[in-house]
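Work through these exercises with the sequence and the 3D view side by side. Try each task before reading its solution.

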Amino acid sequence: MRELVVEADGGSRGNPGPAGYGAVVRDAASGEPLVERAEYIGVATNNVAEYRGLIAGLKAARELDPDARVHARMDSKLVVEQMSGRWKIKHPDMKPLAAEAARIFPSGQVTYEWIPRERNKHADRLANEAMDAGRRGERWEPSASSAALSSSAEDVRAARVVGDAAAGAAKARAALNSRAGTADGSGAAAASRASGGAAVSSGAGVSGGTSVSGGTSVSGGAGVSGGAAAQGTLPKSTEVEGAGWGPDLGPPATFVLLRHGETALTPEKRFSGTGDHELSEVGRRQAEAVAAALATRGTIQAIVSSPLKRCRQTAEAVAARLGLDVRIDDGLRETDFGAWEGLTFGEVRERYGDDLDAWLASPKAAPTGGGESFATVAKRVAATRDRLVREYRGRTVLVVTHVTPIKTLVRLAIGAPPESLFRMELSAASVSAVAYYADGNASLRLLNDTGHLR
């Protein structure tokens, strides 16, 4: 049985006052974050916010694996003791919340532990981010979260309560990574940190290495999470001194790789492949933000986009700022997820479990119903890359595409194996960059930069 750890917290600035909660689901074997949840809930007490955080965390864990054994950790002694059955629940506001939390998993499947506040920093930071967003009149957005950066190595080690290190669980975890990824090519980023090879609307078809769009951040084992670890300035069109080896081969063809902004599927972490989804309001704001950043930098000389609407809308926002035309290239489209299109990772697990296991285990396995394998996508993307490199030699071109194509280009540039698709996070509207030289070599310049969204 898979083991998951839920860390949850809530807070109120006034008690009662403006309140919010945060929750993170970790893999018990590795301690790595799989999913984040946070929300501003209006005026409430600390205890109500803490219970709401627990409920959100348990629901997120159930979405990952309804059969998992869950260990819930909180710094609220009240909630831990009440949910463990050792303290009575007297307050009328607490009773329905405790009952709701108890119904999420079958009795006996969840255990509870009190931890000091300093060991609950990740969830605490999420709760504060949610309250800050509420104060600004905004929703908390996982793409702008830096809560994971507050997690220490001790936090990760402490989360390893049981340790299910089976290969299948590890692959499922990586596939859900994503954040960032989208089911639209980011991370099967749910089970990476699911927005993040394939696309799931925020890391693998579940925005991540597969694409998982959105709201819930999923981060991969060895991935760069949320753009923070890969922050940097947008690349220049000329070679950086010392960046390459060997003789001067002249200026490279530089691909500035832009993942499209969020769609409605992103916060729900649904597979979003060849479905022609529009940008959401959040996605449109993201497109404008990256357009402004690229206009300030002033190095883009051409724009090429996937034919899918979410990419075209993102590309058009940049083109309007730069005064450039958008060229459409069908080779940049997202993976075809077949019968999985529009489903969450959990729904695919329930309906097509055997096919999903095969897909996670081999790049040659295709999604149910005639979808594309990662091997097929890699051939298509490589052919598109070669053609564009020839056409844009010595120039800087903005390539607006999806999680799977971008992760594939990065993987091929650094010579990484296919399974690395599940170990990269790629957020919505993030920027990466690869330089291609005349001798056939490539240099990864930037990965998952989201500084322009902050």
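**Exercise 1. Trace the surroundings of glutamine 286.**

Step 1. Start from the side chain of glutamine 286: it reaches the backbone nitrogen of glutamate 262 at 2.9 Å. That is a polar contact, meaning a pair of N or O atoms within 3.5 Å; within protein, one must be able to donate a hydrogen and the other to accept it, and residues adjacent in sequence count only if both atoms are side-chain atoms.

Step 2. Glutamine 286 sits in helix α7. Helices (H or I, at least four residues) and strands (E, at least two) are DSSP runs, numbered from the N terminus.

Step 3. Check accessibility. Glutamine 286 is buried, at 5% relative accessibility. Buried means under 20% relative accessible area, exposed over 50%, partly exposed in between (1.4 Å probe, protein chains only).

Step 4. List neighbours. Leaving out residues up to four places away in sequence, glutamine 286 touches Ser143, Gly261, Glu262, Ala428, Ala429 and Leu453. Contact here means heavy atoms within 4.5 Å.

The model is predicted: local features need pLDDT of at least 70, side-chain atom pairs count only at pLDDT 80 or more, and totals for chains, interfaces and linings use all residues. Residues are numbered from 1 along each chain as its sequence is written, and side-chain values use heavy atoms, without hydrogens and water.

**Exercise 2. Locate the residues that UniProt lists for "active site".**

Step 1. Read the record. The unreviewed UniProt entry lists His260 and Glu334. Its positions follow the numbering used here, feature names are shortened, and annotations may be inferred rather than shown by experiment.

Step 2. Take each in turn. Histidine 260 lies in the loop between β6 (253–259) and α7 (281–297). Its relative accessible area is 0%, so histidine 260 is buried. Glutamate 334 lies in the loop between β8 (326–328) and α9 (345–351). Glutamate 334 is also buried, at 0%. Its side chain makes a polar contact of 3.2 Å with that of threonine 335.

**Exercise 3. Judge the confidence of the model.**

Step 1. Take the average. The mean pLDDT (the predictor's confidence in each residue, from 0 to 100) is 80, and 77% of residues reach 70 or more.
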